[in-house]
Amino acid sequence: MTPETAEIAVVDATSELVPPFARAALEAIDPAKALAVREVWRALWSSRLLVWAAGMGAALAFGAGPVRNAFNPPGVTRGLGWLPNLLAAPAARWDAAWYLVIAHYGYRPDLGAFTSSRTAFFPLYPLCLSAISHLGVPPILAGVLLSSGALALALYGIHRLTTLELARAGAATVARARSATTDPAGGGEVARLAVLLTAFAPMAFFFSAVYSESLYLALSVGVFLCARQGRWAWVALLGALAAATRSAGVVLLAPAAMLYLYGPREDRAPDFLAAARWRPAYRLRRDVLWLALVPAGLGIYMLYLALNGADALLPFHAQAVWSRHFAGPYVGVWDGAKAAFEGARQLLSQGRHVYFPAAGGSPDIDAGHNLMLLAFLLAAVPMIVGVLRMLPLAYGVYVIAALALPLSYPVASQPLMSLPRFLVVLFPLSIWLAAWLAAHPRARMPVLVGSGLLMAFFVAQFATWHWVA
């Protein structure tokens with residue numbers, strides 16, 4: 001018995017002193033799920049407290065910044081009054097304005113090029129935002145509630161999924177991590193760390209901002225959790241919703257198919273116990289047809305545009321408005337490395353030479369961003385390798401497929417633009433890092449504290465209208 005589970009066992013559910021209705025409630029409690037709820041709540045409130053303290057503190061100390069009117073229509077994220085503007089600082093900046101505009105005015109494809117850039121933002125998040133706002137909730141508050149609620153669900157799913165995978169896995173890293181377990185399933189400490197690493201990731205402040213990251217994270221975790229349990233109708237629904245949340249949602253079809261064919265699955269035993277490495281372990285059944293519905297969210301969005309007189313492919317053409325172009329599969333890695341090298345030269349030249357003439361702002365700022373973006377990519381490499389080695393192949397397939405989009409469509413002046421935001425929603429990376437930290441206790445505190453400090457630094461920049469990712 002541990003401090004986390006002791007309170008569940010204080011009252012004996014079979015005792016005659018317990019009323020019948022309370023006895024039924026106690027017997028229905030799953031200790032592992034109760035533990036997950038407690039640990040998710042701790043991570044949620046403590047991480048969001050840090051986000052708002054750092055963001056509001058920076059806004060108070062440094063003001064809104066020199067570009068506070070950029071992408072910021074009056075009445076959307078400003079003009080709300082002194083205190084509401086301050087409270088909105090950690091949540092409503094940059095792309096948040098686009099989601100708020102779409103939620104209020106719609107896409108309006110009938111206006112042609114004037115509104116075509118909106119279509120790069122997929123519809124599920126602004127639809128949910130609009131629905132909550134129609135209940136009388138102020139739009140920015142509606143976005144914070146939506147994002148924070150989705151984050152809570154995502155963290156809970158990550159805890160349960162991590163426990164499930166580590167109870168199954170037999171890798172040496174996981175075996176060492178089990179020595180610190182705190183729940184009956186055998187992966188409690190790793191699950192707790194996975195939740196903390198997700199909530200305090202350097203870019204985790206986006207999870208409570210008016211952005212779609214937390215909604216997509218919750219849906220993608222749900223796809224994996226339902227696929228592991230063989231609930232294919234739910235996989236189809238959650239996958240379709242994810243595909244309507246952001247373009248990367250379509251790639252969830254790949255890991256879902258991998259789990260269907262190769263497992264591991266909890267719903268039934270493999271059909272081929274001694275199958276060759278690349279031979280499917282499960283036969284195809286009629287329920288595989290559910291997977292065909294995963295891209296339906298994207299299809300419905302494209303159909304909506306076509307029926308309103310726009311090009312059905314407009315969400316992809318709109319990427320050109322944001323200076324993204326197809327450079328070849330993963331060519332953005334090479335372009336990002338070159339941009340970081342030129343960024344170092346830019347900073348060392350102290351303004352004597354401009355290596356980023358196409359930069360939208362200061363070439364020195366672009367140089368610093370490119371160095372930071374490459375640092376995130378390099379930090380992700382060992383985690384990607386670890387996911388491929390430790391977790392079922394479907395997790396690694398998902399990470400590699402999801403990264404194909406940003407790494408194949410670079411931006412001219414910043415080839416790896418927004419990469420940290422693409423990485424923060426790839427929960428298999430957090431699961432592997434949590435398992436590694438569980439096996440290396442001395443590294444836990446430095447990593448968690450360092451990650452939290454980076455999150456505070458980045459949200460302070462975000463709140464003062466400095467571009468982060």
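This is a predicted model: local features need pLDDT of at least 70, side-chain atom pairs count only at pLDDT 80 or more; totals for chains, interfaces and linings use all residues.
Reader: What makes Glu165 and Arg228 a salt bridge?
Author: Their side chains come to 2.5 Å, N to O, and the cut-off is within 4 Å, so the pair counts as a salt bridge. Glu165 sits in helix α7 and Arg228 in helix α10, 63 residues apart.

Reader: How do you know whether Arg444 is buried or exposed?
Author: Arg444 has 18% relative accessibility, and that is under 20%, so Arg444 counts as buried. Its salt-bridge partner is Glu189, with the closest N and O atoms 3.1 Å apart. Glu189 lies in helix α9 and Arg444 in helix α20, so the pair ties together parts 255 residues apart in sequence.

Reader: And Leu388, why is that one called partly exposed?
Author: Leu388 has a relative accessible area of 40%. Partly exposed runs between the buried limit of 20% and the exposed limit of 50%, so Leu388 falls in that class.

Reader: Why is α12 called roughly antiparallel to α17?
Author: The two helices pack at an angle of about 165°, with their axes 8 Å apart. Angles over 145 degrees count as roughly antiparallel, so α12 and α17 get that label. α12 passes α17 in a right-handed crossing.

Methods: Residues are numbered from 1 along each chain as its sequence is written. Side-chain values use heavy atoms; hydrogens and water are left out. Buried means under 20% relative accessible area, exposed over 50%, partly exposed in between (1.4 Å probe, protein chains only). Axes are lines fitted to C-alpha atoms, for helices over the stretch in contact, and angles run from 0 to 180 degrees between N-to-C directions. Helices (H or I, at least four residues) and strands (E, at least two) are DSSP runs, numbered from the N terminus. Angles under 35 degrees count as roughly parallel, over 145 as roughly antiparallel, 65 to 115 as roughly perpendicular and the rest as oblique. A crossing is left-handed if the near helix is turned anticlockwise from the far one by less than a right angle, and right-handed if clockwise.
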